[in-house]
Amino acid sequence: QVQLVESGGGLVQAGGSLRVSCAASGRTFSNYAMGWFRQAPGKEREFVAAISWNGGRLYYADSVKGRFTISRDNAKNTVYMQMNSLKPEDTAVYYCAAKSTRRENSNSYYDGGFYDYWGQGTQVTVSS
């Protein structure tokens with residue numbers, strides 16, 4: 001079992017920045033690929049970003065490329081996502097997810113069904 005706890009969400013004006021974090025516990029964090037997804041009211045959950053076990057491969061949705069940066073610190077069992085130039089359409093609950101794999105170069109990273117563990121989410125609200 002892996003427990004994931006997100007933090008860092010909040011209210012920010014358009015053009016501003018936030019960093020969300022996801023702290024993991026329960027298993028060897030470095031064995032896990034990590035992903036961020038989001039879900040806005042009335043919409044389906046969508047992929048945002050993912051990172052392989054050692055940070056060697058990064059994956060981004062087109063809608064956030066150049067604005068969001070995913071990173072991880074395996075010594076701290078934490079994955080981060082720095083979000084810059086935020087837009088009102090970025091408003092959503094952001095969830096982190098984990099998958100026990102060291103496989104890289106896989107389109108599965110984009111698929112929510114690939115991940116085995118999920119956090120409870122953190123709300124990000126961007127005002128216009």
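Contact, on this tour, means heavy atoms within 4.5 Å. Keep that in mind as you click through this predicted model.

**Stop 1: Tyr 94 and the core**

Start by selecting Tyr 94. Leaving aside its neighbours within four places in sequence, Tyr 94 is in contact with Glu 6, Trp 36, Phe 37, Arg 38, Val 48, Phe 68, Met 81, Met 83, Gly 121, Thr 122 and Val 124. Now widen the selection to the largest nonpolar core, which has 40 residues. Tyr 94 is among the members that touch the most others, along with Leu 4, Met 34, Trp 36, Met 81 and Met 83. To see where this core comes from, colour the strands: at least two residues each are supplied by strand 3 (18-25), strand 4 (32-39), strand 5 (46-51), strand 6 (58-60), strand 7 (68-73), strand 8, strand 9 and strand 11 (122-127). In soluble globular proteins, nonpolar side chains tend to be buried together.

**Stop 2: Asp 90**

Next, go to the loop between strand 8 (78-83) and strand 9 (92-100), where you will find Asp 90. Is Asp 90 buried or exposed? Its relative accessible area is 0%, so Asp 90 counts as buried. Show the side chain of Asp 90: one of its polar atoms lies 2.8 Å from the backbone nitrogen of Lys 87. Not counting residues up to four places away in sequence, Asp 90 touches Arg 38, Arg 67, Phe 68, Ser 85, Val 124 and Val 126.

**Stop 3: Thr 78**

Move to strand 8 and pick Thr 78. Thr 78 is buried, with a relative accessible area of 9%. A polar atom of the Thr 78 side chain sits 2.8 Å from the backbone oxygen of Lys 76. Beyond four places in sequence, the contacts of Thr 78 are Ser 21, Cys 22, Ala 23, Phe 29, Arg 72 and Asp 73.

**Stop 4**

**Stop 5: Ala 61**

Finish in the loop between strand 6 and strand 7, at Ala 61. Ala 61 is buried, at 12% relative accessible area. Apart from neighbours within four places in sequence, Ala 61 is in contact with Phe 47 and Val 48.

Definitions and conventions: Residues are numbered from 1 along each chain as its sequence is written. This is a predicted model: local features need pLDDT of at least 70, side-chain atom pairs count only at pLDDT 80 or more; totals for chains, interfaces and linings use all residues. Side-chain values use heavy atoms; hydrogens and water are left out. Helices (H or I, at least four residues) and strands (E, at least two) are DSSP runs, numbered from the N terminus. Buried means under 20% relative accessible area, exposed over 50%, partly exposed in between (1.4 Å probe, protein chains only). A polar contact is a pair of N or O atoms within 3.5 Å; within protein, one must be able to donate a hydrogen and the other to accept it, and residues adjacent in sequence count only if both atoms are side-chain atoms. A nonpolar core is a set of buried Ala, Val, Leu, Ile, Met, Phe, Trp, Tyr and Cys residues joined through side-chain atoms within 4.5 Å.
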